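I open these notes to record what I looked up in this structure. The entries follow in the order in which I made them.

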Amino acid sequence: MIPRHTARKIPLVSLQPAEQLPFEDAVAAKLNARVVEFIAKPEKTDELRGLLCQAVTPLLRGRTGFVRATVLTTHEEPRRVVMMTFWSTELRAVRDPWDEAPLVRELLSPLIDAWSRTRTYKVDATEARSQEISLPIYST
């Protein structure tokens, strides 16, 4: 059995404020997300990920309120692929079912066994201002 890490107990009175708080240079954005989970057909995970990034994301770029998309695959279940799309308003995340569009269904159907789940979320996204790296429109 792997031992759990134990937290050190530090008396609250011994905590001193830092000269500069680490989050003072952070920028927070209020976004909304639509998260669609797919189960890829055997040996089709990489192809599905590529199609989501290279074909589906460009289709979304023209939609009002679309901000960015990210594609994730779990290490434990490599056939489970999640696409998170980020939107500027809750209305767009909830009522823009891009995953139900006939063109998207047609593109993805040969690569997936099932549309597993769709959920929408409120998002608080943070990035440090001091970073000079800009995030891509979509990630793989």
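This is a predicted model: local features need pLDDT of at least 70, side-chain atom pairs count only at pLDDT 80 or more; totals for chains, interfaces and linings use all residues.

Entry 1: I began with the cut-off for exposure: a residue is exposed when its relative accessible area is over 50%. I located Glu43 in the loop that runs between strand S1 (26–40) and helix H1 (45–61). I also noted its phi, which is near 65°, a positive value in a residue other than glycine.

**Entry 2: confidence.** I checked how far the model may be read. The protein chain has a mean pLDDT of 80, and 70% of its residues reach 70 or more.

**Entry 3: a strand pair.** I followed strand S2 (residues 66–73) and found that S2 pairs with S3 in the antiparallel sense, over seven bridges. The two strands form a hairpin, with six residues between them. Within this pairing I saw Thr70 opposite Met84 of S3.

**Entry 4: aromatic pairs.** I looked for aromatic pairs, and the structure holds two. In one, the ring centres of Phe38 and Trp115 are 5.8 Å apart and the planes lie at 65°, so the pair is edge-to-face. This pair links distant parts of the chain, with Phe38 in strand S1 and Trp115 in strand S4 (residues 112–128), 77 residues apart. I recorded Phe38 as buried, at 0% relative accessible area, and Trp115 as partly exposed, at 23%. The other pair, Phe66 with Trp87, is also edge-to-face, at 5.4 Å centre to centre and 70° between the planes. Phe66 belongs to strand S2 and Trp87 to strand S3, 21 residues apart. Both Phe66 and Trp87 are buried.

**Entry 5: around Asp99.** I returned to Trp115 and found the charged end of Arg105 over its ring, 3.9 Å from the ring centre. Arg105 and Trp115 are among the residues in contact with Asp99, as are Val36 and Val104. Asp99 lies in the loop between helix H2 (90–95) and helix H3 (102–108). Is Asp99 buried or exposed? At 2% relative accessibility, I count Asp99 as buried. Its side chain makes a polar contact of 2.8 Å with the side chain of Arg34, and a polar contact of 3.5 Å joins the side chain of Asp99 to that of Thr118.

Technical notes:
Residues are numbered from 1 along each chain as its sequence is written. Side-chain values use heavy atoms; hydrogens and water are left out. Helices (H or I, at least four residues) and strands (E, at least two) are DSSP runs, numbered from the N terminus. Buried means under 20% relative accessible area, exposed over 50%, partly exposed in between (1.4 Å probe, protein chains only). A polar contact is a pair of N or O atoms within 3.5 Å; within protein, one must be able to donate a hydrogen and the other to accept it, and residues adjacent in sequence count only if both atoms are side-chain atoms. Contact means heavy atoms within 4.5 Å. pLDDT is the predictor's confidence in each residue, from 0 to 100. Two strands pair if DSSP finds at least two bridges between them. Rings of Phe, Tyr and Trp (its six-membered ring) pair if their centres lie within 6.5 Å; planes under 30 degrees apart count as stacked, over 60 as edge-to-face and the rest as tilted. A charge sits over a ring if NZ of Lys or CZ of Arg is within 6 Å of the ring centre and within 35 degrees of the ring normal. Lists of a residue's contacts leave out its neighbours within four places in sequence.
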